[in-house]
Each structure stands twice: as structure tokens, then as C-alpha cells.
Amino acid sequence: MDARTATYANWKIRFKNICDEPVQETCTPSENISYLEQRGKIGVGKYDKLIEIFQEYDQSAVNRIKFAISELQNLPSNS
């Protein structure tokens, strides 16, 4: 994601609502996502924070996340 785009700016603004640690301000969105994973804020079955970030500015991303969730929920269980 190019730091000069509106999408990047929107991501950083919304991400800061979830994580206000100054060190994360200079990280890339990929690094921000890794941070959320490491902190247990997102992961398998936990996508609310990711949806929250995109909710106000990228409905198509929210739709893709929700579609992926439904696809995952429809996978056959190993048990």
C-alpha cells in the first residue's frame, strides 16, 4: 500500500483507534496486521478488529472479509 494514497491514510487513522502505540505509526499496514496477530486481536475466528478498521472507508474490503469468513465457516470439519 503506497503511503501517499487515501487508502493508506485511512488505514493509519483507523488503526490508531485500535492501537495508539507510537512505534506502530511508522510501520507498514502489513506490520500493523502482524502486530494485531501477535497481540491476539485478530486471528482465526477473530476478525472484528479488522472489519472495524475498514468499516468506515472501504466497504468492499469489509465485504471480502465477511465473504472469507463465511467460506471458512462452510469448510468441512476434521472432527
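I started with cysteine 27, which is buried, with a relative accessible area of 14%. The model I am reading is a predicted one.

Next I looked up cysteine 19. Cysteine 19 is buried too, and its relative accessible area is 6%. I count a residue as buried when that value is under 20%.

A disulfide needs the two sulfur atoms within 2.5 Å. I noted cysteine 27 as being in no disulfide either.

I moved on to the helices. Two packed helices are described by the angle between their axes and the distance between the axes. I took helix H3, residues 48-55, and helix H4, residues 59-73. They pack at an angle of about 160°, and their axes are 8 Å apart. H3 is therefore roughly antiparallel to H4, since angles over 145 degrees count that way. I also recorded the crossing: H3 passes H4 left-handed.

Which residues meet there? From H3 I listed Leu50, Ile51, Phe54 and Gln55. From H4 I listed Gln59, Ala61, Val62, Ile65, Lys66 and Ile69. I sorted this contact of H3 with H4 by class: seven residues are nonpolar, two are polar and one is charged.

Note on methods: Residues numbered from 1 in each chain as written. Predicted model: local features only at pLDDT ≥ 70, side-chain atom pairs only at ≥ 80, totals over all residues. Heavy atoms only, no water. Axes fitted to C-alpha atoms, helices over the stretch in contact; angles between N-to-C directions. Helix = DSSP H or I, 4+ residues; strand = E, 2+ residues; numbered from the N terminus. Parallel < 35°, antiparallel > 145°, perpendicular 65-115°, else oblique. Left-handed = near helix turned anticlockwise from the far one by under 90°. Contact = heavy atoms within 4.5 Å. Nonpolar A, V, L, I, M, F, W, Y, C, P; charged D, E, K, R; others polar. Buried < 20%, exposed > 50% of the residue type's maximum accessible area, 1.4 Å probe, protein only.
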